[in-house]
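My notes follow in the order in which I checked things.

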Amino acid sequence: MIIKQRKLDGQVAIVTGASSGIGAGVAKALAAEGAIVAINYVSGPDKAEKVLDEIKQKGGDGMIVKADVSNESEVVDMFKAVHKKYGTTDILVNNAGLQQDAAFHNMTLTQWNFVLNVNLTGQFLCSREAIKEFLRRGVVPDRSKSAGKIICMSSVHEVIPWAGHANYSASKGGVMMLMKTIAQEYAPMKIRVNSIGPGAIRTPINHGAWQTPEAYNMLLKLIPAKRIGEAEDIGGAAVWLSSDDSEYVNGTTLFVDGGMLLYPGFEDNG
Ligand code: BGC
């Protein structure tokens with residue numbers, strides 16, 4: 001019997017969109033707890049390599065793997081490549097996501113489809129491959145009490161409407177029901193599916209919201225904790241949801257948002 005030193009020792013994790021932002025933070029956090037991490041990227045292998053180098057410098061291990069998560073055959077090939085090298089997948093973090101913002105009346109079908117394809121269909125395609133593998137392998141008690149864990153990267157915008165971002169909010173609302181439905185469907189097979197709902201996290205996706213002092217002060221009005229989140233804040237939540245510490249947690253969204261969902265406009269109003 002292996003004595004587990006760290007929470008994720010011996011487990012294989014695929015993190016999509018892991019060459020920057022929240023995905024990179026999550027990949028590093030999982031690796032620090034002993035997971036072998038497949039760092040998915042769609043462009044810029046150098047950035048993915050850099051994340052892997054950092055992981056290796058700290059004694060971790062992993063690989064980089066290119067795939068557009070909205071492309072069925074690329075997703076299938078990504079899982080094949082990971083299984084060829086490491087045998088299985090224990091943890092999937094459906095992180096890849098993007099914004100293509102526009103006023104609704106100006107939003108093109110291309111903008112709509114691009115966001116839905118990556119943010120929602122991408123999570124469908126990756127989850128399906130992961131579930132197939134979890135069902136094939138079943139529980140390996142030395143590694144985890146679960147047959148597999150999926151973490152869907154959602155957003156506070158799975159519940160907060162967001163003017164000018166109809167495609168993005170719709171995709172995250174969709175992620176919520178996708179997550180809950182597959183959690184219900186596979187809980188009897190000891191597969192756990194949960195989401196993380198980040199608030200404003202300092203990453204390239206929202207640099208306009210924090211790059212100038214004026215923008216940052218505006219943003220703080222939405223955050224009772226009075227600071228922007230960092231990728232490490234999400235990394236910690238991902239480790240917990242991946243580990244047996246959360247074994248009885250299934251089908252829920254863990255919001256990591258500094259209180260953004262607490263209706264901060266009501267603090268001195270209403
Ligand atoms: C978006 C960010 C935004 C945050 C809070 C996230 O899901 O990607 O751009 O800052 O929600 O509104």
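**Around the ligand**

I began with the residues that surround the ligand: Gln99, Ser155, His157, Trp162, Tyr168, Gly199, Ala200, Ile205, Asn206 and Met260. I keep in mind that this is a predicted model.

I then sorted this shell by class. The residues around the ligand come out as five nonpolar and five polar, with no charged residue.

For Ser155, I noted a polar side-chain atom 2.7 Å from an oxygen atom of the ligand. For His157, a polar side-chain atom also lies 2.7 Å from a ligand oxygen atom. For Tyr168, an N or O atom of the side chain is 2.6 Å from an oxygen atom of the ligand.

I also checked how much of the ligand is covered. The ligand taken alone exposes 310 Å², and the protein buries 90% of that.

**The largest pocket**

Which pocket does the ligand sit in? I found the ligand in the largest pocket.

I wrote down a volume of about 1,300 Å³ for the largest pocket. Its lining has 50 residues, and those nearest the centre are Gly97, Gln99, Tyr168, Thr203 and Ile205. I noted that helix H1 (21-32), strand S2 (36-41), helix H4 (109-137) and helix H5 (166-186) are the elements that give two or more residues to this lining. H1 provides the largest share of the lining of the largest pocket, three residues.

By class, I recorded 29 nonpolar, 17 polar and four charged residues in the lining of the largest pocket. Among the residues nearest the centre of this pocket, Gln99, Tyr168 and Ile205 were already on my list of those surrounding the ligand.

**The second largest pocket**

I turned to the second largest pocket, which holds about 290 Å³ of space. I noted 18 lining residues here, with Ala24, Gly25, Lys28, Ala29 and Glu54 nearest the centre.

Which elements each supply at least two residues of this second lining? I listed H1, helix H2 (45-57) and helix H7 (231-242). H1 gives the most to the lining of the second largest pocket, with seven residues.

The classes in the lining of the second largest pocket are seven nonpolar, six polar and five charged residues.

**Last note**

I marked H1 for a second look, as a contributor to the lining of the largest pocket and to that of the second largest pocket.

Note on methods
Residues are numbered from 1 along each chain as its sequence is written. This is a predicted model: local features need pLDDT of at least 70, side-chain atom pairs count only at pLDDT 80 or more; totals for chains, interfaces and linings use all residues. Side-chain values use heavy atoms; hydrogens and water are left out. A residue is near a molecule or strand if one of its heavy atoms lies within 4 Å of it. A polar contact is a pair of N or O atoms within 3.5 Å; within protein, one must be able to donate a hydrogen and the other to accept it, and residues adjacent in sequence count only if both atoms are side-chain atoms. Accessible areas come from the Shrake-Rupley method with a 1.4 Å probe; for residues, only the protein chains shown count as cover. On a 1 Å grid over the protein atoms alone, a cavity is a set of points where a 1.4 Å probe fits but cannot get out, and a pocket is an open set with protein on both sides within 12 Å along at least five of seven lines; lining residues have an atom within 4 Å of a point. A molecule sits in a cavity or pocket if more than half of its atoms lie within 2 Å of its grid points. Ala, Val, Leu, Ile, Met, Phe, Trp, Tyr, Cys and Pro count as nonpolar, Asp, Glu, Lys and Arg as charged, and the others, Gly among them, as polar. Grid points are joined across faces, edges and corners, and a volume is the space filled by probe spheres set on the points. Helices (H or I, at least four residues) and strands (E, at least two) are DSSP runs, numbered from the N terminus.
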